[in-house]
Amino acid sequence: MSEESDLEKTEPASERRLEKAREEGNVARSRELTTFVMLATASAGLWFAAESLGTRMTGALRHGLHFERASAFDPAHMLSQSGLMVLHALIAIGPLFAMMVVAAVAAPLMLGGWMFSTKAVAPNFGKLNPLAGIGRMFSAQALAELVKALAKSALIGGVAWWVIVDDIEAVMALMSQPAHEALPHALVLVAKHCALIAATLFTVALVDVPFQLWSYYRKLRMSREDVRQEHKESEGDPHIKAQIRRQQQQMARRRMMAEVPKADIVLTNPSHFAVALQYLDSDMRAPRVIAKGTELVAARIRELAKEHKVAILEAPPLTRALYRHTKLGEEIPAGLYTAVAEVLAWVYQLKRWNSEGGEAPRTPTDLPVPADLQYSPAASA
């Protein structure tokens with residue numbers, strides 16, 4: 001596969017990329033959905049509150065337009081009357097405004113969820129670049145928005161014309177009605193027309209919401225190189241991880257080598273393997289492996305054992321079995337108790353012979369190792 005195709009953004013956005021987009025204030029939004037929710041809320045509020053709202057507005061209008069000759073010569077009285085009229089109007093339409101505010105806040109949550117990001121409002125001078133602005137004006141996204149706006153205007157304009165023409169007689173009849181009746185009827189007509197237009201916007205939103213989701217996820221798509229880079233960042237650079245592992249292994253090896261002088265016996269293969277054992281009657285139920293290794297590590301274990309005068313015994317089958325079946329710090333397997341006990345007995349006899357003299361102890365040979373614990377290269381692989 002060519003490198004050019006490898007750099008194409010063909011992979012879906014990962015969870016990490018989506019989360020990063022949210023942190024930057026980049027979420028899917030649909031203005032058509034918000035407009036529909038707000039208009040539908042306003043229509044419902046006007047429909048159910050038309051009578052009470054009309055009564056309150058009529059009272060406020062009547063009170064505000066009430067004229068007394070004395071008030072015409074008193075500016076303070078005129079100001080107080082105006083303020084009172086505005087207060088009555090606000091009280092009348094206050095619940096409807098509150099519903100609209102709730103709708104304006106809740107509508108975006110239906111698509112992108114709740115999101116607060118300071119990065120979205122931070123100054124971005126890159127948006128002032130005229131070349132980038134011209135590019136956005138003639139982009140596929142701008143063309144799609146233009147087509148959508150023209151189609152929406154034609155659809156909503158046609159529906160608005162239809163509902164107004166259909167109710168033209170009811171609208172004209174408002175002029176012959178008393179004010180206290182005309183205003184509630186007018187509000188009902190407005191609510192009806194808004195509801196029909198909202199139904200049209202619902203159709204527009206049904207098309208716009210999937211389009212916005214598709215466009216949003218399309219913009220966040222990743223190339224295969226992006227996926228590899230993100231995986232590297234999340235999992236860590238392999239070279240750095242390998243270096244950390246080497247350092248950890250070196251530290252563990254140094255700690256292990258520091259334990260070799262405390263060993264009672266170092267068993268060897270004689271050259272490829274080395275295992276150091278320690279046994280303390282007060283702290284251990286059975287001897288433990290405190291160091292082990294192969295090749296260069298085994299050679300270093302033997303050197304430390306010689307430097308600190310730790311007994312060394314060549315016992316190839318037992319050494320290989322201990323290396324294969326016992327981890328650092330673990331007690332030896334029960335199947336090797338007999339062989340290791342014979343080795344430790346030889347170690348104690350050797351220490352007494354070195355301090356007291358006499359007949360040298362016999363070096364143990366043919367140490368018993370069960371067949372299921374014997375080491376073989378094929379089994380270790």
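Colleague: Asp264, buried or exposed?

Modeller: In this predicted model, Asp264 counts as buried, at 12% relative accessibility. The cut-off for buried is under 20% relative accessible area.

Colleague: Which side chain does Asp264 meet in a salt bridge?

Modeller: That of Lys351, at 3.9 Å from N to O.

Colleague: What is the relative accessible area of Lys351?

Modeller: It is 46%, and Lys351 is partly exposed.

Colleague: Changing topic. How many salt bridges does the structure hold?

Modeller: It holds 4. Among them is one between the side chains of Glu259 and Lys262, with 3.5 Å from N to O.

Colleague: And what are the relative accessible areas of that pair, Glu259 and Lys262?

Modeller: Glu259 has 28% and is partly exposed. Lys262 is partly exposed as well, with 47%.

Colleague: What about Glu303, which residue does it form a salt bridge with?

Modeller: Arg300, where the closest N and O atoms are 3.2 Å apart.

Colleague: Where do Glu303 and Arg300 lie?

Modeller: Both are in helix H11 (residues 295-307), 3 residues apart, which is about one turn of the helix.

Colleague: What accessible areas go with Glu303 and Arg300?

Modeller: For Glu303 the relative accessible area is 43%, partly exposed. Arg300 is at 35%, also partly exposed.

Key
Residues numbered from 1 in each chain as written. Predicted model: local features only at pLDDT ≥ 70, side-chain atom pairs only at ≥ 80, totals over all residues. Heavy atoms only, no water. Buried < 20%, exposed > 50% of the residue type's maximum accessible area, 1.4 Å probe, protein only. Helix = DSSP H or I, 4+ residues; strand = E, 2+ residues; numbered from the N terminus.
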